[in-house]
Amino acid sequence: MIKNDLAYRPCVGIVLIKKGKIFAGQRLDYKSSAWQMPQGGIEDNELPRDAAFRELKEETGIKKKHIKIILESKNWVRYDLPEELISKLWNGKFIGQKQKWFAMEFFGLDTDININTKSPEFSQWKWMTTDQLINSIVPFKKNVYKKILTKFS
């Protein structure tokens, strides 16, 4: 399939905040030392807000009662995958992702976070400053992170 014929995968991203720091997880399935915020695909007929709550629970074990949505991005934010990853991710159907982002405040305890979920995505997690997070993300997502963290700051 030609790159121009591919679509963007609808997705949500979550900026989870506690005392001015942001939750970041290190992916299990990548061989890099990159970290990322929780994110994931929107299922058919699912609202972005519902997908954000579902993805956060699936990736971190965090329950709705421990969070509050502070902001939601108005527009979709897109990023392109590097050419070599297109055929390896999502059965080669997507050129990248278009994301709705949510800023959420976390009111729970660190013990309410459990990344050893049914289908774990992170090998470890920690709270990071904005600069630490920007410096720890894979290069092809760096502009999205800068853009969304600036909008939400």
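**Figure 1. Surroundings of Glu55 in the predicted model.** Beyond its neighbours within four places in sequence, Glu55 is in contact with Val12, Ile14, Gln39, Gly40 and Gly41. This view, like those that follow, is taken from a predicted model. Glu55 belongs to helix H1, which spans residues 48–60. With a relative accessibility of 6%, Glu55 counts as buried, because the limit for that class is under 20%. The side chain of Glu55 is joined to that of Arg54 by a polar contact of 2.9 Å.

Figure 2. Ile42 is located in the loop between strand E4 (39–41) and H1. Its relative accessible area is 17%, and Ile42 is therefore classed as buried, the limit being under 20%. When residues up to four places away in sequence are not counted, Ile42 touches Pro10, Cys11, Val12, Pro48, Ala51, Arg54 and Trp76. Val12 is also listed among the contacts of Glu55. A separation of 58 residues in sequence lies between Ile42 and Lys100, yet their C-alpha atoms are 9.7 Å apart in space.

**Figure 3. The two sides of helix H4.** Helix H4 is formed by residues 142–152, and its residues Val144, Tyr145, Ile148, Leu149 and Phe152 are buried. Viewed down the axis of H4, these buried residues fall within an arc of 115 degrees, so they line one face of the helix. Asn143, Thr150 and Lys151, on the other side of H4, are exposed.

**Figure 4. The largest nonpolar core and the contacts of Tyr145.** In soluble globular proteins, nonpolar side chains tend to be buried together. The largest nonpolar core in this model comprises 25 residues, and those with the most contacts inside it are Val15, Met37, Trp101, Leu133, Tyr145, Ile148 and Leu149. Two or more residues are given to this core by each of strand E2 (21–27), strand E6 (77–80), strand E7 (94–106), helix H3 (130–136) and H4. H4 supplies the largest share, five residues. Tyr145, in H4, touches Gln36, Met37, Gln39, Trp101, Leu133, Ile134 and Ile137, leaving out residues up to four places away in sequence. Another core, of 19 residues, lies apart from the largest one; Val12, Leu16, Ile69 and Phe106 are among its members.

**Figure 5. Strand E7 and its pairing partners.** Strand E7 is mostly covered, with eleven of its 13 residues buried. Strand E1 (residues 7–18) runs parallel to E7, and eleven bridges join the two. Within this view, Val15 has Ala103 of E7 as its bridge partner. Strand E5 (residues 67–72) is antiparallel to E7 and is joined to it by five bridges. Lys68 stands opposite Glu105 of E7. E6 is likewise antiparallel to E7, with four bridges between them. Asp80 has Gly96 of E7 as its bridge partner.

Figure 6. Eight aromatic pairs are present in the structure. One of them is the stacked pair of Phe23 and Trp125, with 5.4 Å from centre to centre and 20 degrees between the planes. Phe23 is in strand E2 and Trp125 in strand E8 (residues 122–128), so this pair ties together parts that are 102 residues apart in sequence. Phe23 counts as buried at 0% relative accessibility, whereas Trp125 counts as partly exposed at 22%. Another pair is formed by Trp90 and Phe94: their ring centres are 6.2 Å apart and their planes stand at 75 degrees, so the pair is edge-to-face. Trp90 is partly exposed, with a relative accessible area of 25%, while Phe94 is buried, with 18%. One aromatic cluster is made up of Phe23, Phe106, Phe122, Trp125 and Trp127.

Terms used: Residues numbered from 1 in each chain as written. Predicted model: local features only at pLDDT ≥ 70, side-chain atom pairs only at ≥ 80, totals over all residues. Heavy atoms only, no water. Buried < 20%, exposed > 50% of the residue type's maximum accessible area, 1.4 Å probe, protein only. Polar contact = N/O pair within 3.5 Å; in protein donor to acceptor, adjacent residues only side chain to side chain. Contact = heavy atoms within 4.5 Å. Arc of directions from axis to C-beta. Core = buried A, V, L, I, M, F, W, Y, C linked by side-chain atoms within 4.5 Å. Pairing = 2+ DSSP bridges. Phe/Tyr/Trp six-rings, centres within 6.5 Å; stacked < 30°, edge-to-face > 60°.
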